[in-house]
Amino acid sequence: MTTETTTTSPRALARRRRRASAARFWRQYRTHRAGLFGLAALVLFALAALTAPLLVGSGVSNVTDAPGRPLQGPSAAFPLGTDQFGRDLLGLLVWGARVSLLVGLLAAVLSVAIGTLIGVTAGHFGGWYATVMMRITDWFLVMPTLVLAIALATVMSRSLTTIVVAIGVTTWPTTARLVRAQTLAVETRPYIERAKALGGGHRHIMTRHVLPNVMPLVLAQTTLIISSAILAEATLAFLGLGDPTVVSWGGLLQDAREAGAVSAGHWWYLVPPGVAIAVVALAFTLCGRAVESVLNPRLGVGR
């Protein structure tokens, strides 16, 4: 026993603890049926997005070499019909998952990163800095998020980067307030006082003590924001503010509107991308709720 203790390095112990923690998290997560359903749906959509070049090919969005007639109904050759250019809607739906999921993930990461940075620093430093940051946060909270995103997407160039920035910089206030509240709770714990007494600086306190304790909250918040980001991306693309050179679910809805699919009753042009957006948003929400429920004890929330 002594030899094993002396030969085990601190890094090995840390890895062992992380593996044990991940195993405990998965055991608790599996008890949430809704969370498992959401996770299974996300895995299927992610596999479809990753294997889209193999499943449908990169030429599925080509207008000049469309394989079918314009606005052709569902058939054996085209299970979801064709669009206004004669392209296979099933292939476009699979290919559009790549853009919609990527934009939603990047926008959510940007939003959570901004909110975490502001929340941790405001909770740690306090004083006039916290007052200014919280007033800015309150201003963003009372302003309609979609209106701000539309304004940013309008004045910037039409690209995926613009959509990511427009969503990310307008959806961070909720994360900032939650993280600040958790930071204030962590700052009152005795080990923070001991770290300060031993000469720990602001950077050491925030990165080594505060941030690890707020990360469960950040993780849960990220899974919840991704669904909102995907819906926002679809909304901006539907309004014609997305990148016209790429295929996304919101872009398909915008193309259907321009083609008059609503008035003509071409349901196969509208329903599949709308259902895909709804299912992915619901799946991320279910996963986020399950993660939040599992991590609640670590967040100090009553069971």
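**Helix packing and rings**

Modeller: Let's start with a helix contact: Pro-216, Leu-219, Ala-220, Thr-223, Leu-224, Ile-226, Ser-227, Ile-230, Leu-231 and Ala-234 of helix 11 touch Ile-277, Val-280, Ala-281, Phe-284, Thr-285, Cys-287, Gly-288, Arg-289, Val-291, Glu-292 and Leu-295 of helix 14 (contact is heavy atoms within 4.5 Å; helices are DSSP runs of H or I, at least four residues, numbered from the N terminus). It's a predicted model: local features need pLDDT of at least 70, side-chain atom pairs need 80 or more, and totals for chains, interfaces and linings use all residues. Residues count from 1 along each chain as its sequence is written, and side-chain values use heavy atoms, leaving out hydrogens and water.

Biologist: Why is helix 11 called roughly antiparallel to helix 14?

Modeller: Helix 11 (residues 202-238) and helix 14 (residues 267-295) pack at about 170 degrees, axes 8 Å apart. Angles run from 0 to 180 degrees between N-to-C directions, with axes fitted to C-alpha atoms over the stretch in contact. Under 35 is roughly parallel, over 145 roughly antiparallel, 65 to 115 roughly perpendicular and the rest oblique, so helix 11 counts as roughly antiparallel to helix 14.

Biologist: What makes Trp-128 exposed?

Modeller: Its relative accessible area is 68%, and exposed means over 50% (buried is under 20%, partly exposed in between, with a 1.4 Å probe and protein chains only). So Trp-128 is exposed, while Tyr-129, at 25%, is partly exposed.

Biologist: How do you know that Arg-98 sits over the ring of Trp-95?

Modeller: The charged end of Arg-98 is 5.0 Å from the ring centre; the rule wants NZ of Lys or CZ of Arg within 6 Å of the centre and within 35 degrees of the ring normal. Arg-257 likewise lies over the face of Phe-238, at 5.4 Å.

Conventions
Helix = DSSP H or I, 4+ residues; strand = E, 2+ residues; numbered from the N terminus.
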